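Here is a guided walk through one protein model. Keep the sequence and the 3D view side by side as you read.

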Amino acid sequence: MASLQLKNLKKIYPHSANTRKGTEKKTNLQITEEGVVAVQDFSLDIADKEFIVLVGPSGCGKTTTLRMVAGLEEITAGELYIDGKLMNDVEPKNRDISMVFQSYALYPHLKVWENIGFPLKLRKVDKATIRKRVKEVAEILDITEYLDRKPKELSGGQRQRVAIGRAIVREPKVLLMDEPLSNLDAKLRNHMRTEIIKLRQKINTTFIYVTHDQTEAMTLGDRIVIMKDGFIQQIGTPQEVYDHPANLFVVGFIGTPQMNFFEGELLHSAEGYHITVEGHPMSLPMEKQNRLAAANAQLQKITMGVRPDYLYPAGEREGLAARVEVTEMMGSEVHVHGSVNGKDVVVIVPTVDKDGRHFQPPEVGEEIRLDFSTELCHLFGGHGENLEK
Ligand SMILES: Nc1ncnc2c1ncn2[C@@H]1O[C@H](COP(=O)(O)OP(=O)(O)OP(=O)(O)O)[C@@H](O)[C@H]1O
Ligand SMILES: [Mg+2]
């Protein structure tokens with residue numbers, strides 16, 4: 001149990017031979033004379049027992065941030081507080097933090113119970129207490145029957161549970177997890193995700209969890225931190241980042257299938273703000289207009305986004321003309337893929353509507369009309385920024 005304050009954390013990795021200015025490819029990280037700036041301006045207050053998820057593409061600084069919190073990586077600038085105490089120069093072992101790694105990092109020659117009890121043994125806890133704690137943890141994680149096995153005699157999911165067991169056995173104040181499920185197959189990952197939700201209810205710990213996976217981010221996090229190139233893009237509850245993504249990058253990470261985008265223009269008249277979408281004029285609800293006004297949104301060309309669930313076939317009525325390319329029957333819904341003015345679009349239609357009528361998927365090549373409520377659309381400016389406040 002602990003609250004954390006991360007204040008303007010920054011990490012610069014000193015140059016090595018291949019990170020000299022301009023030589024590093026693939027990432028857009030800032031490279032200065034001092035080195036590679038892997039994380040910067042990272043500020044976040046984490047409440048006691050909160051579950052924070054860090055999400056973002058490879059190389060955006062997630063692991064680096066965790067390692068700075070754990071004390072495994074020196075903090076170049078900024079401050080880290082745990083329960084109000086400055087931790088920058090505190091040894092990792094004195095921070096009361098545990099970390100679960102993607103690779104499990106179990107000791108192959110030790111049995112499961114010895115692996116789990118190891119952190120207690122290191123701290124010279126007496127044998128009886130170790131046995132008792134290992135038993136409790138094994139029950140929480142449902143691995144009691146494997147305690148006498150060696151790691152190589154376990155499945156991936158079981159090994160990952162042992163790694164989690166070892167991390168929670170001494171009841172750390174903070175539990176850091178770096179992509180703990182990414183080595184598991186999809187089915188096991190789903191199962192372990194639920195297990196982590198249950199685990200959270202059983203132990204009194206603050207979590208910081210790193211993932212690439214947006215489903216994990218959405219389902220596990222009290223709040224999600226979306227990162228790109230070492231910078232935080234947005235911090236919010238799953239609902240907030242879904243409903244009000246700060247920019248197009250966040251949109252790319254949250255929501256699947258991805259949001260649809262159309263070209264448009266933000267205009268203003270005596271009635272207030274309104275838009276055109278692929279040439280069609282559309283009015284905006286008052287609430288949206290107020291948010292645009294609060295953000296002092298400038299009149300400009302925009303990218304308009306609508307999630308696939310909020311577009312719907314409009315029948316004969318006005319709407320965007322779309323040419324159907326593929327329909328996918330997913331069971332409870334149909335995904336209709338097509339194009340509007342040459343742009344890919346996907347629409348999710350429930351197979352059965354609320355009155356029990358079945359949706360008749362359109363034929364490939366057919367032209368359909370798509371409509372949406374402008375309450376549910378997102379307006380982005382030239383730099384991908386959300387124009388509403
Ligand atoms: N020891 C190091 N020395 C130099 N640069 C490093 C070092 N560790 C990481 N980096 C760089 O810092 C950046 C952030 O790395 P980090 O491992 O934090 O990314 P990540 O978000 O965890 O990525 P992934 O999803 O691939 O694990 C990367 O560009 C990486 O190349
Ligand atoms: Mg990483």
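**From a cavity outwards**

The largest cavity has a volume of about 60 Å³. The model is a predicted one. A search of the whole structure turns up 1 cavity of 30 Å³ or more. Which residues line the largest cavity? They are Ile140, Leu141, Arg161, Ile164, Met192, Glu195, Ile196, Lys198, Leu199 and Lys202. Sorted by class, this lining holds 6 nonpolar, no polar and 4 charged residues. Helices H3, H4 and H5 each supply at least two residues of it. H5 provides the largest share, 6 residues.

Which residues of H5 are buried? They are Met192, Arg193, Glu195, Ile196 and Leu199. An α-helix has 3.6 residues a turn, so residues three or four places apart point the same way. The spacing of the buried positions can be read with that in mind: Met192, Glu195, Ile196 and Leu199 are among them.

The buried residues of H5 have several packing partners. The helices are H3 (127-141), H4 (156-168) and H6 (214-220). The strands are S4 (51-55), S8 (174-178) and S9 (206-211).

Now move from the cavity to the pockets. The largest pocket holds about 540 Å³ of space. Its lining counts 17 residues, and Ile97, Ser98, Met99, Phe101 and Arg170 lie nearest its centre. Strand S7 (97-100), helix H2 (112-122) and H4 are the elements that give two or more residues to this lining. H4 also supplies at least two residues to the lining of the largest cavity. By class, the lining of the largest pocket divides into 12 nonpolar, 1 polar and 4 charged residues.

The second largest pocket has about 370 Å³ of space. It is lined by 18 residues, and the closest to its centre are Asp243, His244, Lys288, Arg291 and Glu375. What is the class make-up of this lining? It has 7 nonpolar, 3 polar and 8 charged residues. Helix H7 (238-243), helix H9 (286-294) and strand S21 (377-380) each supply at least two residues. The largest share, 3 residues, comes from H9.

The domain assignment gives domain 1 (4-96 + 172-251) and domain 2 (258-380). The lining of the second largest pocket draws at least three residues from each of domain 1 and domain 2. The C-alpha centres of the two domains lie 34 Å apart. In the contact between them, 8 residues of domain 1 meet 8 residues of domain 2.

Next, some local backbone features. The peptide bond from threonine 256 to proline 257 is cis, with omega near -5°. Proline 257 sits in the loop between helix H8 (248-253) and strand S12 (260-269).

Two other loops hold residues with positive phi. Aspartate 83 is not a glycine, yet its phi is positive, at about 50°. Its loop runs between strand S5 (77-82) and strand S6 (85-86). Is aspartate 83 buried, partly exposed or exposed? It counts as partly exposed because its relative accessibility is 35%. Asparagine 341, also a residue other than glycine, has a positive phi near 45°. Asparagine 341 lies in the loop between strand S18 (333-340) and S19. At 56% relative accessibility, asparagine 341 counts as exposed.

Follow S19 to its other end. Threonine 351 is in the loop between strand S19 (343-350) and strand S20 (367-371). Why does threonine 351 count as buried? Its relative accessibility is 10%, and buried means under 20%. Beyond its neighbours within four places in sequence, threonine 351 is in contact with Met329, Gly331, Ser332, Glu333, Val334, Arg357, His358 and Phe359.

Finally, step back to the whole chain. The secondary structure comes to 9 helices and 21 strands. The C-alpha trace spans about 75 × 55 × 40 Å along its principal axes. Of the 389 residues, 48% are buried. Among contacts between residues at least 6 apart in sequence, 69% join residues at least 24 apart.

Terms used:
Residues are numbered from 1 along each chain as its sequence is written. Chains are lettered from A and ligands numbered from 1 in the order in which they are written. This is a predicted model: local features need pLDDT of at least 70, side-chain atom pairs count only at pLDDT 80 or more; totals for chains, interfaces and linings use all residues. Side-chain values use heavy atoms; hydrogens and water are left out. Buried means under 20% relative accessible area, exposed over 50%, partly exposed in between (1.4 Å probe, protein chains only). Helices (H or I, at least four residues) and strands (E, at least two) are DSSP runs, numbered from the N terminus. Contact means heavy atoms within 4.5 Å. On a 1 Å grid over the protein atoms alone, a cavity is a set of points where a 1.4 Å probe fits but cannot get out, and a pocket is an open set with protein on both sides within 12 Å along at least five of seven lines; lining residues have an atom within 4 Å of a point. Grid points are joined across faces, edges and corners, and a volume is the space filled by probe spheres set on the points. Ala, Val, Leu, Ile, Met, Phe, Trp, Tyr, Cys and Pro count as nonpolar, Asp, Glu, Lys and Arg as charged, and the others, Gly among them, as polar. Domain bounds come from an automatic or database domain assignment.
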